[in-house]
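Trainee: I have a structure open and want to learn how to read it. Could we take it one feature at a time?

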Amino acid sequence: MDDVIRALRADEWLKAKELRLIALQDPVAPLAYLETYEDAAARPDSFWQDRAAGASHGGAARQFIAEGPDGVWSGTVVVLVEPVGAEGVFGEVSSVSQAHLVAVYVRPECRGTGLTQELFRVAMEWAWSLKEPRIERVRLFVHQANGRAAGFYRKIGFVPTGYSVPAPGEAGEHELEMVVDRPE
């Protein structure tokens, strides 16, 4: 793997937008993301600029990208920091300080190369390095029908908690929580 995994810079909002729009056109996008291509494409540039600025510094969120030697971005993951008492993506209140991995995407031609695992490693190292709040676990949600993603998450150490939330807009479908506890 020749990609460099690094944090997004605020001035890279246009490339972040482009990769997000590509991700939202992936065949599994309806299972993996909480927004549609159409909704994302309609957002003004100011939205993408603010999003990149918020995910490029500070301790509330961080976006990591995989950049190839040719400058092409091969993948991304976003880490949201949820301190005790914070409201999560699905409206639940956090009982521990945790990091929440979202917006995971790797281009199809780069899947199976170890790139996704490396993105997760870097994202989780960043989360564990935070002094305040001290992250006790890293979590994510996976749609019950997204077996490939759930299998990958299990392979790298995530375990199901048994907690689930209704999948937005899908009657009877659920998003399943998986976690990795802080290493001792």
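Trainee: Is Asp 11 buried or exposed?

Mentor: Start with the cut-offs: buried means under 20% relative accessible area, exposed over 50%, and partly exposed in between, with a 1.4 Å probe and protein chains only. Asp 11 has a relative accessible area of 61%, so Asp 11 is exposed. Arg 9 counts as partly exposed, because its relative accessibility is 44%.

Trainee: What should I know about the model itself?

Mentor: It is a predicted model, where local features need pLDDT of at least 70, side-chain atom pairs count only at pLDDT 80 or more, and totals for chains, interfaces and linings use all residues. Residues are numbered from 1 along each chain as its sequence is written, and side-chain values use heavy atoms, with hydrogens and water left out.

Trainee: With which residue does Asp 11 form a salt bridge?

Mentor: The general idea comes first. Side chains of opposite charge can pair when their charged atoms come close. A salt bridge here is a side-chain nitrogen of Lys or Arg within 4 Å of a carboxyl oxygen of Asp or Glu. Asp 11 pairs with Arg 9, and their closest N and O atoms are 4.0 Å apart.

Trainee: How many salt bridges are there in the whole structure?

Mentor: A search finds 16. Take Asp 26 and Arg 111, whose side chains meet at 2.6 Å, N to O. This pair links distant parts of the chain, 85 residues apart. Asp 26 sits in the loop between helix 1 and helix 2 (29–32), and Arg 111 in the loop between strand 4 and helix 5. Helices (H or I, at least four residues) and strands (E, at least two) are DSSP runs, numbered from the N terminus. Asp 26 is buried, at 9%. Arg 111 is partly exposed, at 28%.

Trainee: Which other pair can I look at?

Mentor: Glu 35 and Arg 43 meet in a salt bridge at 3.3 Å, N to O. Glu 35 is buried, with a relative accessible area of 14%. Arg 43 is partly exposed at 30%. Elsewhere, salt bridges that share partners join Arg 6, Arg 9, Asp 11, Glu 12 and Glu 67 into one network.

Trainee: At what angle do helix 1 and helix 4 pack?

Mentor: Axes are lines fitted to C-alpha atoms, for helices over the stretch in contact, and angles run from 0 to 180 degrees between N-to-C directions. Helix 1 and helix 4 (residues 45–54) pack at about 105°, with axes 9 Å apart. Angles of 65 to 115 degrees count as roughly perpendicular, under 35 as roughly parallel, over 145 as roughly antiparallel and the rest as oblique. So helix 1 is roughly perpendicular to helix 4. Contact means heavy atoms within 4.5 Å. Among the residues making it are Trp 13, Lys 17 and Arg 20 of helix 1, and Asp 45 and Trp 48 of helix 4.

Trainee: Is Lys 17 buried or exposed?

Mentor: Lys 17 counts as buried, because its relative accessibility is 14%.

Trainee: How many residues does the largest nonpolar core have?

Mentor: In soluble globular proteins, nonpolar side chains tend to be buried together. A nonpolar core is a set of buried Ala, Val, Leu, Ile, Met, Phe, Trp, Tyr and Cys residues joined through side-chain atoms within 4.5 Å. The largest has 30 residues, and Phe 64, Leu 101, Val 138 and Phe 158 have the most contacts inside it. Helix 5 gives the largest share, nine residues.
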